[in-house]
Amino acid sequence: MVKRQLPNPKDLLELMQFKKPELNAKKRRLSSALTIEDLRRIAKRRTPKAAFDYTDGAADGEISLARARRAFRDVEFHPSILRDVSVVDTRTTIFGGPSALPFGIAPTGFTRLMQTEGEVAGAGAARDAGIPFTLSTLGTTSIEDVKSVNPVGRNWFQLYVMKQREISYGLVERAAKAGYDTLFFTVDTPVAGARLRDIRNGFSIPPQLTPATVLDALPRPWWWIDFLTTPALEFASLSSTGGTVGELLDSAMDPSISFDDLAIIRTLFPGNIVVKGVQNVEDSKRLVDLGVDGLVLSNHGGRQLDRAPVPFHLLPEVVREVGQDTEVAIDTGIMNGADIVASIAMGAKFTLVGRAYLYGLMAGGRAGVDRMIAILRGEIERTMRLLQVSSLAELEPKHVTQLVRMIPRKQEPRSVEAHLDRS
């Protein structure tokens, strides 16, 4: 029989300790975000549909993006035991310099359309976190202004080769003059991918007011107030705007880009030349033979060729072939610090986050980007401790199994006679 008694009022008072309410709405909503997916949900509530979908969406059926995220979910970790992980070291070196964490901020276009602070928020957050920030050719803050925000940190520049080559060459020279230490030569965008969400939303640069956009704006007046009361958008490479994102890209990008362009850019930029958008082993080997300083395995976040290879699946084979000769980074589909740990274990030297950064930006400006970095840092450190490794150098392929759902169908070779019969 349980013995009962009247509660002691003093004990009740000790139990009834109410949490002090947070009166700052931004701090309140950001502190409630425990994952990148939480930031995504907040961003979706606070951002007009067209701008949010530009970030959130991908090309065609968005199969590449779904597969990339599923590849990270299909990871099985193999922890060690009885190791001292009271301190874990997340520092690394990449492309000739340091980073406090094994990820940096990826290049994103039209960033101030997502939230008015744009690249200034990203560069400032990267500076304070000690990680690299990458400015896109289609960024909405100038090369020089990003440098002024992050004067001593690591700034990288992502280059599209334009039809008007002098525009691209001028951007490279400006980035070099401003002290950017790494240039991402992007090779997966001869034309724009079919970003169907943007077409359906009528997403244009600059945004056009229609009955649909007005209705969408009503519950999000702060976005339009920011957009209308801050300086007009300026693009590093587009002298004129007007049209959908796909139309703007197609008018600027050059489908004739070649290895000759890479050779020319190398003469213009004194820092590291890293090729972004590599999607097979053969190209990786050729680029290493040409002496590039690094590779980024990427399918552009699923925004270009749908059903393209999953970078995380491609990673082990590329590292096996060229990892001794160059540094290999990876992007696409990263939504958790555990994804980053798995990538490092499978041989990546570094990772880049794009959508995660923009979800944080849309959720809370600079503070939201800080929150994104804090979430990923915490997940990285916790995953390392649970794997019982105390440094990134200790992560090895033995710590990860890539579970496979999509097994390539074996094709029987056809004889010449059979081919002729079908002709």
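## The largest cavity

The largest cavity in this predicted model has a volume of about 500 Å³. The count comes to four cavities of 30 Å³ or more.

The lining of the largest cavity is made up of 30 residues. Nearest its centre lie P107, T108, H300, R303 and G354. Helix 18 provides the largest share, three residues. Sorted by class, the lining has 14 nonpolar, 10 polar and six charged residues.

## T383 in helix 18

Helix 18 spans residues 355-387, and T383 is part of it. Is T383 buried or exposed? Its relative accessibility is 14%, and buried means under 20%, so T383 counts as buried.

Which residues touch T383, leaving aside its neighbours within four places in sequence? They are F77, A338 and V341.

## Helix 9 against helix 14

Helix 9 covers residues 165-177, and helix 14 covers residues 259-268. Their axes come within 9 Å. They cross at roughly 35°, and the crossing is right-handed.

Helix 9 brings R165, Y169, V172, E173 and A176 to the meeting. Helix 14 brings D261, I264, I265 and L268. By class, this contact has six nonpolar and three charged residues, with no polar ones.

How values were computed: Residues numbered from 1 in each chain as written. Predicted model: local features only at pLDDT ≥ 70, side-chain atom pairs only at ≥ 80, totals over all residues. Heavy atoms only, no water. Axes fitted to C-alpha atoms, helices over the stretch in contact; angles between N-to-C directions. Helix = DSSP H or I, 4+ residues; strand = E, 2+ residues; numbered from the N terminus. Left-handed = near helix turned anticlockwise from the far one by under 90°. Contact = heavy atoms within 4.5 Å. Nonpolar A, V, L, I, M, F, W, Y, C, P; charged D, E, K, R; others polar. Buried < 20%, exposed > 50% of the residue type's maximum accessible area, 1.4 Å probe, protein only. 1 Å grid on protein atoms, 1.4 Å probe; cavity = no way out; pocket = protein on both sides within 12 Å on 5 of 7 lines; lining within 4 Å. Points joined across faces, edges and corners; volume = space filled by probe spheres on them.
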